Amino acid sequence: MEFTQTQKEYFMKEAIFEANRAKTMGEVPIGCVVVDKQGKIIGRGHNLREHSQDATMHAEMLAIQEANEMLKSWRLVDASLFVTLEPCPMCAGAIINSRIKNVYFGAHDPKAGVTGTLMNLVTDSRFNHQANVEAGILEQHCAQLLTSFFREIRKKRKKNRKKEIKD
């Protein structure tokens, strides 16, 4: 299924909704949805690394797992993944292995992004599957979520250090 720009933005807003769920829990605000070829959301996820203390609990991993359960199949052929931040190597591997057709992401990740920034694993023809990638869907909104989250963390740390010095 080819998505219109309006549909892409709708699904990215659903991923942003998931990112906000993570943020309210004190997790890094990254959210993801997996959409089937009929345009139905079949998987949702948001970061849960801090709460689970499990490095694999990324938004994409959780959304892919939920989609696998929904379809009762590890193959997500013709599915599309929408995520607020460019996937990391682990998530790119899961995208390849689950045969996801399209990856749409919001903000680039200069430190760990491997769907275009540092490299592009999901389009590498040496793997047995490739996915189409489109970057920058609601990019400013996605980037702002992360920027404001980390700004608040730095602000709290600074305040706590000042308090420790006074005590």
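Five salt bridges are present in the structure, which is a predicted model. Side chains of opposite charge can pair when their charged atoms come close. One of these salt bridges joins Glu134 to Lys8, with 2.8 Å between the closest N and O atoms. Glu134 belongs to strand E5 (residues 132–135) and Lys8 to helix H1, so this pair ties together parts of the chain that are 126 residues apart in sequence. The two partners fall into separate classes of accessibility. Glu134 has a relative accessible area of 26% and is partly exposed, whereas Lys8, at 10%, counts as buried.

A further salt bridge is formed by the side chains of Glu14 and Arg44, at 2.4 Å from N to O. Here helix H1 supplies Glu14 and strand E2 (residues 41–46) supplies Arg44, so parts that are 30 residues apart in sequence are tied together. Glu14 is buried, with a relative accessible area of 18%; the limit for this class is under 20%. Arg44 is partly exposed, its relative accessible area being 27%. Glu14 and Arg44 also belong to a network of salt bridges that links them with Glu18 and Arg21.

The side chains of Arg126 and Asp124 meet in a salt bridge as well, with an N to O distance of 2.6 Å. Arg126 is exposed, with a relative accessible area of 74%, while Asp124 counts as buried at 15% relative accessibility.

Aromatic side chains were examined next. A search of the whole structure gives seven aromatic pairs. Among them is the pair of Phe3 and Tyr104, which is edge-to-face, with 6.1 Å from centre to centre and 75° between the planes. This pair links distant parts of the chain, 101 residues apart: Phe3 is in the segment before helix H1 (5–24), and Tyr104 is in strand E4 (residues 102–107). Phe3 is buried, with a relative accessible area of 6%. Tyr104 also counts as buried, at 6% relative accessibility.

Tyr10 and Phe11 make another aromatic pair; their ring centres are 5.2 Å apart and their planes stand at 70°, so the pair is edge-to-face. The angle places the pair in this class because planes over 60 degrees apart count as edge-to-face. Tyr10 is partly exposed, with a relative accessible area of 45%, but Phe11 is buried, with a value of 5%. Phe3, Tyr10, Phe11 and Tyr104, together with Phe82, form one aromatic cluster.

The remaining results concern helix H5 and the surface charge. Helix H5 covers residues 139–166 and contains Arg151. Arg151 is partly exposed, at a relative accessible area of 43%. On the surface, Arg151 gathers with Arg154, Arg157, Lys158 and Arg161 in a patch of positive charge. Phe150 is also in helix H5. Phe150 is partly exposed, with a relative accessible area of 34%. The C-alpha atom of Phe150 is separated by 8.3 Å from that of Val28, although the two residues are 122 residues apart along the chain.

Conventions:
Residues numbered from 1 in each chain as written. Predicted model: local features only at pLDDT ≥ 70, side-chain atom pairs only at ≥ 80, totals over all residues. Heavy atoms only, no water. Patch = residues over 30% accessible without salt bridge, like charges linked within 9 Å, V, L, I, M, F, W, Y side chains within 5 Å. Areas by Shrake-Rupley, 256 points an atom, 1.4 Å probe, with all protein chains shown as cover. Salt bridge = Lys/Arg side-chain N within 4 Å of Asp/Glu carboxyl O. Lys, Arg positive; Asp, Glu negative; His and termini not counted. Charge placed at Lys NZ, Arg CZ, Asp CG, Glu CD. Helix = DSSP H or I, 4+ residues; strand = E, 2+ residues; numbered from the N terminus. Buried < 20%, exposed > 50% of the residue type's maximum accessible area, 1.4 Å probe, protein only. Phe/Tyr/Trp six-rings, centres within 6.5 Å; stacked < 30°, edge-to-face > 60°.
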